[in-house]
Structures are given as C-alpha cells and as structure tokens.
Amino acid sequence: MLCEGVRVLAPPLHSRNDRSLIVEITRPTGAALLTGDMEEEAERWWLRQPGPKRFDIVKVPHHGSKTSSSDAFTRATAPMFAVVSAGRNNRFGHPNESVVSRWTRWAQVVSTQNSGAVEFSLEPQHVRLRTSRGP
C-alpha cells in the first residue's frame, strides 16, 4: 500500500512485549495504528509522544490481552474498527472479554478468530473492510 505517511516507533521499555514496534500509517483518506504486542506501559509511553492519536483502524494490542487496551488508550484512539488478531481456542484465552468491551464503546470489533484474515482499504469516502469468511 502506498502511504503518504508512515511513522515507526520503538518504545525504550524493558518488557519484551512493550518493546514491540508501533507503526502509524496516515493517508488523506484515513489512518491505521498497528500496535504489536504493546501492553499498558507502552500505551502510556505512546500517549505521551507527539503526533495524532485518533485512528480509523487500530490493531488491538497484544491480541486483546488483559494487560493491554487501557481505557485511556482506547478512548484516545477511538477508531471506527478495532482488529483483534488471535487464533481460535488459543491457550491464552485471548481476547479478554473486558478488553473487547472497552473497544466496543468506540469501534466495531473484528476478530480473526471469527472473521479469518482481515483486510482494510482507506478509500476516499470510507474505510472498506474485507474478511476471508465474509462480512
């Protein structure tokens, strides 16, 4: 995908998950935030960084783990779509129900567990969603 702006951040934190790269993609037609496995400490770090905080699409941090997606983070990003990348019946129980609930206040939550592969397009008048298992 050709992008007008891509910013990659690497939090200088101690936890392996919190050191995940954070990728911000911005286009005139919309924006997406790819969060890796960041947890609450990295979310707090990211919220203190300069730059936009609202995104049309957010890849839910750390597969929807209970150690991620703080209220402050979900409120700040307030996306149209929140994508949870987690395998079916995974041994960690991801995503956590309270995390999904926090995201549903702001976004339509799409999970790879139910929808399979997820693809978004930032188009001039809207964000388009496609999944491998249909709508």
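In what order do the elements of the protein run from the N terminus on?

1. Basis and fold. This is a predicted model, in which local features need pLDDT of at least 70, side-chain atom pairs count only at pLDDT 80 or more, and totals for chains, interfaces and linings use all residues. Residues are numbered from 1 along each chain as its sequence is written, and side-chain values use heavy atoms, with hydrogens and water left out. From the N terminus on, the order is β-β-β-α-β-α-β-α-β-α-β-β. The protein thus has 4 helices and 8 strands, where helices (H or I, at least four residues) and strands (E, at least two) are DSSP runs numbered from the N terminus.

2. Overall dimensions. Along the principal axes, the C-alpha atoms fill a box of roughly 40 × 35 × 25 Å.

3. Of the 135 residues, 47% count as buried; buried means under 20% relative accessible area, exposed over 50%, and partly exposed in between (1.4 Å probe, protein chains only). The accessible surface comes to about 7400 Å², and 52% of it belongs to carbon and sulfur atoms; such areas come from the Shrake-Rupley method with a 1.4 Å probe, and for residues only the protein chains shown count as cover. Among contacts (heavy atoms within 4.5 Å) between residues at least 6 apart in sequence, 53% join residues at least 24 apart.

4. The structure holds 5 salt bridges, each being a side-chain nitrogen of Lys or Arg within 4 Å of a carboxyl oxygen of Asp or Glu. One of them joins E24 to R7, with the closest N and O atoms 2.8 Å apart. Because E24 lies in strand β2 (residues 22-27) and R7 in strand β1 (residues 5-9), the pair ties together parts that are 17 residues apart in sequence. E24 is buried, at a relative accessible area of 3%, whereas R7 is partly exposed, at 27%.

5. E119 and R130 meet through their side chains in a salt bridge of 2.9 Å, N to O. This pair links distant parts of the chain, with E119 in strand β7 (residues 118-122) and R130 in strand β8 (residues 127-131), 11 residues apart. E119 is partly exposed at 40% relative accessibility, and R130 is likewise partly exposed at 40%. Not counting residues up to four places away in sequence, R130 touches A117, V118, E119 and S121. R130 and F120, 10 residues apart in sequence, are 6.3 Å apart from C-alpha to C-alpha.

6. The side chains of D71 and R75 form a salt bridge (2.6 Å, N to O); both residues lie in helix α2 (residues 71-77), 4 residues apart, about one turn of the helix. D71 is partly exposed at 30% relative accessible area, as is R75 at 41%. Leaving aside neighbours within four places in sequence, R102 is in contact with S68, S69, S70, D71 and T74.

7. Backbone points to inspect. Most residues other than glycine have a negative phi, and most peptide bonds are trans. H62, although not a glycine, has a positive phi of about 50 degrees; H62 sits in the loop between β4 (57-59) and α2 and is buried at 12% relative accessibility. A78, also not a glycine, has a positive phi of about 35 degrees; A78 is in the loop between α2 and β5 and is buried at 18%. The peptide bond from H94 to P95 is cis, with omega near -5 degrees, and P95 is placed in the loop between β5 (81-84) and α3.
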